[in-house]
Amino acid sequence: TTTTTTTYKHSNSKADINQSLSLNMLQPASEEDIAKALTLAKEKKEEGNSFFKEGNYGKAIRAYHFGHLQTLSIVNRSKGLPGMPVPQKPQKFSGANKELRGVHADLMNNIAVIQMKRKKWDKAIEWTTKVLEIDTNNSKALQRRAKSYWEANNLAKAEADVDRILADNPTHAQSLAIKKGIDSRYEVYKKKEAQAFKGMFDKKG
């Protein structure tokens, strides 16, 4: 009797990993995949919220990031990978899948809040922009990005976001305050420019 032994080789090469990931990304997420990702993401969101209330931003952001990875894996599978064909049957965001997309946005918004607490305005802008890429009308993300642009002294982009907010909510207090601050800074810049321009002609030749 001849015994045949088959040896399975586990490959960790970048090419094999990318190929496996690409094939997986082209497969629509099953209802089971969505349910598992949603459950874990919601748990991590609540865990992060608890840490946030305690002022433990390090543990909070780690929980939010972990939850975000769960939702991201499903959201990305609905659109394929960059440079690759999208799935033949794009996933529709309804039911549990729609709820997952909402949790996905919440987790990114929460990460942005912690970056704002840490005064990492560029990171806050990055995360709020990601939210707005999948939900253009997310008011929390828009308000937080406007605040972050303002703090980063990017007045033009702060003003653009503030104008969008005020178009829907003309009495939004934070946006009105930022708008007033932007106008004040522009006035200061104009005066400085006027002084510098005047000084050029005051100099004797």
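Before we start, a definition: axes are lines fitted to C-alpha atoms, for helices over the stretch in contact, and angles run from 0 to 180 degrees between N-to-C directions. Keep in mind that this is a predicted model.

**Exercise 1**

Work out how helix H5 (residues 121-134) and H6 are oriented to each other, and list who touches whom.

Solution. 
- Step 1: start with the geometry. H5 and H6 have axes 9 Å apart and pack at an angle of about 155°.
- Step 2: classify the angle. Anything over 145 degrees counts as roughly antiparallel, so H5 and H6 are roughly antiparallel to each other.
- Step 3: get the hand. H5 and H6 make a left-handed crossing.
- Step 4: pick out the partners. From H5 we have Trp121, Ala124, Ile125, Thr128, Thr129, Val131 and Leu132, and they meet Ala141, Leu142, Arg144, Arg145, Ser148, Tyr149 and Glu151 in H6.
- Step 5: sort them by class. The H5 and H6 contact has 8 nonpolar, 3 polar and 3 charged residues.

**Exercise 2**

Solution. 
- Step 1: the H6 and H7 axes come within 8 Å, crossing at roughly 155°.
- Step 2: that angle makes H6 roughly antiparallel to H7.
- Step 3: the crossing of H6 past H7 is left-handed.
- Step 4: on the H6 side, Leu142, Gln143, Arg145, Ala146, Tyr149 and Trp150 meet a set in H7 that includes Leu155, Ala158, Val162 and Ile165.
- Step 5: the class count for H6 with H7 is 8 nonpolar, 1 polar and 4 charged residues.

**Exercise 3**

Find what lines the second largest pocket, and say which elements supply the lining.

Solution. 
- Step 1: the volume of this second largest pocket is about 150 Å³.
- Step 2: its lining is Thr136, Asn137, Asn138, Ser139, Leu142, Gln143, Arg164, Ile165, Asp168 and Asn169.
- Step 3: helix H6 (139-151) and helix H7 (155-168) are the elements giving two or more residues to that lining.
- Step 4: by class, the lining splits into 2 nonpolar, 6 polar and 2 charged.

**Exercise 4**

Now try helix H2 (residues 31-54) and helix H3 (residues 57-77): how do their axes cross?

Solution. 
- Step 1: the H2 and H3 axes cross at roughly 160° and come within 8 Å.
- Step 2: H2 is therefore roughly antiparallel to H3.
- Step 3: H2 and H3 also cross in a left-handed way.
- Step 4: among the residues in this contact are Ile34, Leu40, Phe51 and Phe52 in H2, with Tyr57, Tyr64, Phe66 and Ile74 in H3.
- Step 5: the H2 and H3 contact divides into 12 nonpolar, 5 polar and 6 charged residues.

Technical notes: Residues are numbered from 1 along each chain as its sequence is written. This is a predicted model: local features need pLDDT of at least 70, side-chain atom pairs count only at pLDDT 80 or more; totals for chains, interfaces and linings use all residues. Side-chain values use heavy atoms; hydrogens and water are left out. On a 1 Å grid over the protein atoms alone, a cavity is a set of points where a 1.4 Å probe fits but cannot get out, and a pocket is an open set with protein on both sides within 12 Å along at least five of seven lines; lining residues have an atom within 4 Å of a point. Grid points are joined across faces, edges and corners, and a volume is the space filled by probe spheres set on the points. Helices (H or I, at least four residues) and strands (E, at least two) are DSSP runs, numbered from the N terminus. Ala, Val, Leu, Ile, Met, Phe, Trp, Tyr, Cys and Pro count as nonpolar, Asp, Glu, Lys and Arg as charged, and the others, Gly among them, as polar. Angles under 35 degrees count as roughly parallel, over 145 as roughly antiparallel, 65 to 115 as roughly perpendicular and the rest as oblique. A crossing is left-handed if the near helix is turned anticlockwise from the far one by less than a right angle, and right-handed if clockwise. Contact means heavy atoms within 4.5 Å.
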